[in-house]
Amino acid sequence: MKHWLLIMVLLPLTVSGSTITPIAGDKQDTIALDKSLSIFAEFSHKQSATKTEIILTIHGRVDEGFHVYSIHPQGDFAPDPTQLILESKILNLTGALKESKPQTIIDDAFRLPLKVHKNEFWLRQKCSIAKDVKQGLHNIRGYIQYQVCNNRICSLPLRKHFQEKVQID
């Protein structure tokens, strides 16, 4: 029975004779994964005859040797897609999240062709102003939820928070 338990524990981590490390093995690896992505947020306004649309752009930079995954789901056994979450009642997300063009690589950790971002990338989301929001400068908070990998180790989903001010007229 002990042998079956050992096989059952190791089986989910073994694919084609290779071991996948789904998250960093020690604290230094975890810190390296978390620090491998930096982001900043900016808002721009687009005025039409009937409404003001606010566009949130997240600019990201991934350290050399690392990559983050596309916003689009890539299959049952692929990593979670990158997501944008707003923690604000001032703005409502409208439309689909967009991203800069990802590149397709064979990801060694998942042994799959996957769409990823290396180096610099952006995410863009249209937003509308919620009803009854007062004019003025508002602080908007949110985060992106992502997985990062360096083909040796991959993170579980991580969060990178941002905070930016937006002027509501």
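"Buried" here means under 20% relative accessible area. Keep that cut-off in mind for the close-ups below, which show a predicted model.

**View 1. The disulfide between Cys 149 and Cys 154.** This pair is the one disulfide that the structure holds. The sulfur atoms of Cys 149 and Cys 154 sit 2.2 Å apart. As a quick reminder, a disulfide is a covalent bond joining the sulfur atoms of two cysteines. Both Cys 149 and Cys 154 are buried. Which hand does the disulfide have? The torsion about the S-S bond of Cys 149 and Cys 154 comes out at about -50°, so the disulfide is left-handed.

**View 2. Cys 127, a buried cysteine.** Is Cys 127 buried or exposed? Cys 127 has a relative accessible area of 0%, and the cut-off for buried is under 20%, so Cys 127 counts as buried.

**View 3. A three-stranded open sheet.** Going across the sheet, the strands come in the order S6-S11-S13, and the pairing is antiparallel. Strand S6 (83-86) and strand S13 (158-168) are the edge strands, each pairing on one side only. From one strand to the next, the twist averages 25°. In general, strands of a sheet pair through backbone hydrogen bonds, in either a parallel or an antiparallel way.

**View 4. Zooming in on S11 and S13.** How many bridges join strand S11 to S13? There are eleven, with strand S11 (residues 136-146) running antiparallel to S13. To find your place along this pairing, look for Gly 142: its bridge partner in S13 is Phe 162.

Key. Residues are numbered from 1 along each chain as its sequence is written. This is a predicted model: local features need pLDDT of at least 70, side-chain atom pairs count only at pLDDT 80 or more; totals for chains, interfaces and linings use all residues. Side-chain values use heavy atoms; hydrogens and water are left out. A disulfide is a pair of cysteine sulfur atoms within 2.5 Å. Buried means under 20% relative accessible area, exposed over 50%, partly exposed in between (1.4 Å probe, protein chains only). Two strands pair if DSSP finds at least two bridges between them. Helices (H or I, at least four residues) and strands (E, at least two) are DSSP runs, numbered from the N terminus. Axes are lines fitted to C-alpha atoms, for helices over the stretch in contact, and angles run from 0 to 180 degrees between N-to-C directions.
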